[in-house]
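Me: I would like to learn how to read a protein model one feature at a time. Could you take me through one slowly?

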Amino acid sequence: MRMTWQELFEEIKNGRLGGVYLFHGPEEYIKKSAMDKIRETILPAGLEILNESIMDAPTARQLIESAETLPVMSEKRLVVVKDTPLLTGAKAKDEQDENEKIEQWLMKGAPDTCVLIFFVRGDADKRKKLYKTLEKYAKAVSFQYLTDPEISKWIHARLKPKKKTMRPDAVNTLIFYVGRDLTRLQGEVDKLSAYVGDAASIEEADVKAAVTPNAESNVFLMIDSLVAGRAKQAYEILNAMIDAGESPVALLAMFIRQLRLMTHVRLMRDENLSLAEIEKRAKLAHFVAQKVYGQTNRLNAKRLEEGYRAGVQMDYDVKSGKIRERAALDRMMLMLSEISR
């Protein structure tokens, strides 16, 4: 059975926690918060070590024996299976046999005295047999990134004890610079709070001054500069990223991916779709959709598509040794400058 993390927290709050769970998905901060809340809820203080088992790649037999062990002076015990190869891309030993043993045990029903959690960093491999088994016999909780409005609410809740607020444009820029990972956002929000000192509000200018954009945001800003005819500024951004240790191959891939997105947006604009319709069809955050929409104002869909296809070929040529990585990046930047004229 699939479950959202919001439903999980409601289950914990209402005292209905029990059975077998799969925790997976990209949002690690909330995933860890859920684990901490479960520990706090079911493990008696001072008896945690007697009632919790954290297991790395256990056999089916070890897992079942641990789950069926009775708790000590507690109603339930907690068993956590971390990053088992049965749920990740790694190769598991005796995978078919192990899956069958776990499935047969789950079919009979896990004991009421145990909360068993299969914990996966990132997404579980949905092709794996155990994933399909857990969807059928357990509660599969997918921890997805928050939406922009949810992140804004989370940021304001974090700033409230500090008696500070963050303006909407500052929130949008922070998400654009950092992404939706709450672990990094937490650090940046705390840093911004200290940066503004006694000021009651965090402004967009504060974010631009104090927060270092991630690589994808920098590629976005670099393309902004190229489209606007500011090639010198674009090369300054590129050189700074390479000096900071960013892989030219990874930067080339981001550049090509951005060109692909711009091509799609321009084609949708040519169909007379509104910004809201493009945002929905392309599954883009509003702030990102606005920026890509702006980037394609004066660009031609056919030339963008030709540039994207040339970029894909260039990526192949780099990987096959026909062209050096930096030379490919320079050619991509020159090509986009020409498309933008």
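Reply: Let us begin with a word that we shall need throughout: a residue is called buried when its relative accessible area is under 20%, and exposed when that area is over 50%. Please keep in mind that this is a predicted model.

Me: Which residues of helix α5 are buried?

Reply: The buried residues of α5 are Glu95, Glu98, Asn99, Ile102, Glu103, Trp105 and Leu106. Because they cover an arc of only 165° around the axis, they lie on the same side of α5. On the other side of the helix you will find Gln96, Met107 and Lys108, which are exposed.

Me: Why do residues three or four places apart point the same way in an α-helix?

Reply: The general idea is that an α-helix has 3.6 residues a turn, so residues with that spacing point the same way. A case from this structure is the pair Trp5 and Phe9, which are separated by about one helical turn because they are four residues apart in helix α1 (residues 5-13).

Me: What covers the buried residues of α5, and what span does this helix reach?

Reply: The cover includes strands β2 (19-24) and β5 (114-119), together with helices α4 (60-68) and α6 (129-137). As for its span, α5 runs over residues 95-108, and its 14 residues reach 20 Å from the first C-alpha to the last, close to the 20 Å expected at 1.5 Å a residue. Just after this helix comes Gly109, which takes a positive phi of about 100°.

Me: How should I describe a pair of aromatic rings?

Reply: In general, one gives the distance of the centres and the angle of the planes. A search of the whole structure finds seven aromatic pairs. In the pair of Trp5 and Phe9, the ring centres are 6.0 Å apart and the planes stand at 90°, so this pair is edge-to-face. Trp5 counts as buried because its relative accessibility is 17%, whereas Phe9, at 25%, counts as partly exposed. Another edge-to-face pair is that of Tyr21 and Phe23, with 6.2 Å from centre to centre and 70° between the planes, and both of these residues are buried. Rings may also gather in a group, as Phe176, Tyr177, Phe220 and Phe287 do in one aromatic cluster.

Me: Which residues have the most contacts inside the largest nonpolar core?

Reply: They are Leu8, Phe23 and Leu174, in a core of 81 residues. Helix α13 (residues 248-270) gives the most to this core, namely ten residues. Apart from it lies another core, of 25 residues, among them Trp105, Val120, Leu130 and Tyr131; you have already met Trp105 as one of the buried residues of α5.

Me: Where is Leu174 placed, and is it buried or exposed?

Reply: Leu174 is in helix α8 (residues 168-178), and it counts as buried because its relative accessibility is 0%. Leaving aside neighbours within four places in sequence, its contacts include Ile155, Met166, Leu185 and Val211. Leu185 is eleven residues from Leu174 along the chain, and their C-alpha atoms are separated by 8.1 Å.

Me: What does the side chain of Ser142 make a polar contact with?

Reply: Its partner is the side chain of Gln144, at 2.5 Å. Ser142 belongs to strand β6 (residues 139-142) and is partly exposed, with a relative accessible area of 25%.

How values were computed
Residues are numbered from 1 along each chain as its sequence is written. This is a predicted model: local features need pLDDT of at least 70, side-chain atom pairs count only at pLDDT 80 or more; totals for chains, interfaces and linings use all residues. Side-chain values use heavy atoms; hydrogens and water are left out. Helices (H or I, at least four residues) and strands (E, at least two) are DSSP runs, numbered from the N terminus. Buried means under 20% relative accessible area, exposed over 50%, partly exposed in between (1.4 Å probe, protein chains only). Contact means heavy atoms within 4.5 Å. The expected span of a helix is 1.5 Å times one less than its number of residues. The arc is that of the directions from the helix axis to the C-beta atoms. A nonpolar core is a set of buried Ala, Val, Leu, Ile, Met, Phe, Trp, Tyr and Cys residues joined through side-chain atoms within 4.5 Å. A polar contact is a pair of N or O atoms within 3.5 Å; within protein, one must be able to donate a hydrogen and the other to accept it, and residues adjacent in sequence count only if both atoms are side-chain atoms. Rings of Phe, Tyr and Trp (its six-membered ring) pair if their centres lie within 6.5 Å; planes under 30 degrees apart count as stacked, over 60 as edge-to-face and the rest as tilted.
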